[in-house]
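Please consult the sequence and the coordinates alongside the text.

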Amino acid sequence: MSKQTKQKIAQIFKQQVEQKGFEHVSVAQLMHQAQMRRQSFYNHFEDKYDLLTWTLKTMMQDDIENNLDYLPWQEIITLVFFDIQENANFYRSILQSQTEVDVVKELAWHFQVLLLHVLKQKGFVKEAKAYDLIETYSLGLTYTMTNALFSPSAKEYDELAQKVINALEFALRT
């Protein structure tokens, strides 16, 4: 029941952030919309920033970690870019109107998990330079993704995903 409650709260949270903006979402409103007692929120989360962190983590785990054994890494990257585009208003709001949660760092961490998986498949795990690639590339990939949310001439998610895939395939040729 606990995970279902958290998921319900997170879903309503995402909808409210998309509609009203992060700064205009309150715990009282969320719980009223969820038809739950306010205390139920605090049984699961400290505040709306904790909820934001959990929501981001869950979204990225659904796209990345839960698919590592089932989808090729290229498809996972495309899936993430698709979901970012589908939830563009949510991401724009949380990137623009709060600084308590480092959204880029949170997203980049999950890309590091994906890239570590890719490098293990390629046999590069024991090389120190591989870890430098993971850290640097994850931040660059995340910046590419979040920057596109604010660009007036943003490319479609599949074009951006392909750009990221091409860059990684080029880097792994050696």
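The questions below concern helix packing, aromatic pairs and the surroundings of individual residues.

Reader: On what basis are the residues numbered, and which pLDDT limits apply?
Author: Residues are numbered from 1 along each chain as its sequence is written, and side-chain values use heavy atoms, with hydrogens and water left out. The model is predicted, and totals for chains, interfaces and linings use all residues, whereas side-chain atom pairs count only at pLDDT 80 or more and local features need pLDDT of at least 70.

Reader: At what angle do the axes of α4 and α6 cross?
Author: Helices here are DSSP runs (H or I, at least four residues), numbered from the N terminus. Axes are lines fitted to C-alpha atoms over the stretch in contact, with angles from 0 to 180 degrees between N-to-C directions. The axes of α4 (residues 48–63) and α6 (residues 88–97) come within 13 Å and cross at roughly 140°.

Reader: Is the crossing of α4 and α6 left-handed or right-handed?
Author: A crossing is left-handed if the near helix is turned anticlockwise from the far one by less than a right angle, and right-handed if clockwise. The crossing of α4 and α6 is left-handed.

Reader: Which residues of α6 meet α4?
Author: Contact means heavy atoms within 4.5 Å. On the α4 side, the residues are Leu52, Thr55, Leu56, Met59 and Met60; on the α6 side, they are Phe90, Tyr91 and Ile94.

Reader: How many nonpolar residues has the contact of α4 with α6?
Author: Ala, Val, Leu, Ile, Met, Phe, Trp, Tyr, Cys and Pro count as nonpolar, Asp, Glu, Lys and Arg as charged, and the others, Gly among them, as polar. The contact of α4 with α6 has no charged residues, one polar residue and seven nonpolar.

Reader: Which residues of α6 are buried?
Author: Buried means under 20% relative accessible area, exposed over 50% and partly exposed in between (1.4 Å probe, protein chains only). The cover over the buried residues of α6 includes α1, α4, α5 (73–86) and α7 (103–122). The buried residues themselves are Ala88, Phe90, Tyr91, Ser93 and Ile94.

Reader: How many residues apart in sequence are the parts that the pair of Phe13 and Phe90 ties together?
Author: Rings of Phe, Tyr and Trp (its six-membered ring) pair if their centres lie within 6.5 Å; planes under 30 degrees apart count as stacked, over 60 as edge-to-face and the rest as tilted. A search of the whole structure finds eight aromatic pairs. Among them, Phe13 and Phe90 are edge-to-face, at 6.2 Å centre to centre and 80° between the planes. Phe13 lies in α1 (residues 2–20) and Phe90 in α6, so the pair ties together parts whose separation in sequence is 77 residues.

Reader: Which residues form one aromatic cluster with Phe90?
Author: Phe90 is buried, with a relative accessible area of 0%. Phe90 and Tyr91 form an edge-to-face pair, 5.4 Å centre to centre with 75° between the planes. Together with Phe90, the cluster comprises Phe13, Phe22, Tyr49 and Tyr91.

Reader: How do the residues of the contact of α5 with α9 divide by class, and how many are charged?
Author: The axes of α5 and α9 (residues 157–171) come within 9 Å and cross at roughly 145°, and the crossing is right-handed. Trp73, Gln74, Ile77, Thr78, Phe81, Phe82 and Gln85 of α5 make the contact with Tyr157, Leu160, Ala161, Val164, Ile165, Leu168 and Glu169 of α9. These residues divide into ten nonpolar, three polar and one charged.

Reader: Where does Gln35 lie, and what is its phi?
Author: Most residues other than glycine have a negative phi. Gln35 lies in the loop between α2 (27–34) and α3 (38–44), and Gln35 is exposed at 74% relative accessibility. Its phi is positive, near 55°.

Reader: Which residues does Leu95 touch, not counting residues up to four places away in sequence?
Author: Leu95 is in α6 and is partly exposed, with a relative accessible area of 24%. The residues that Leu95 touches are Val103, Val104, Thr146, Leu149 and Phe150.

Conventions. Helices (H or I, at least four residues) and strands (E, at least two) are DSSP runs, numbered from the N terminus.
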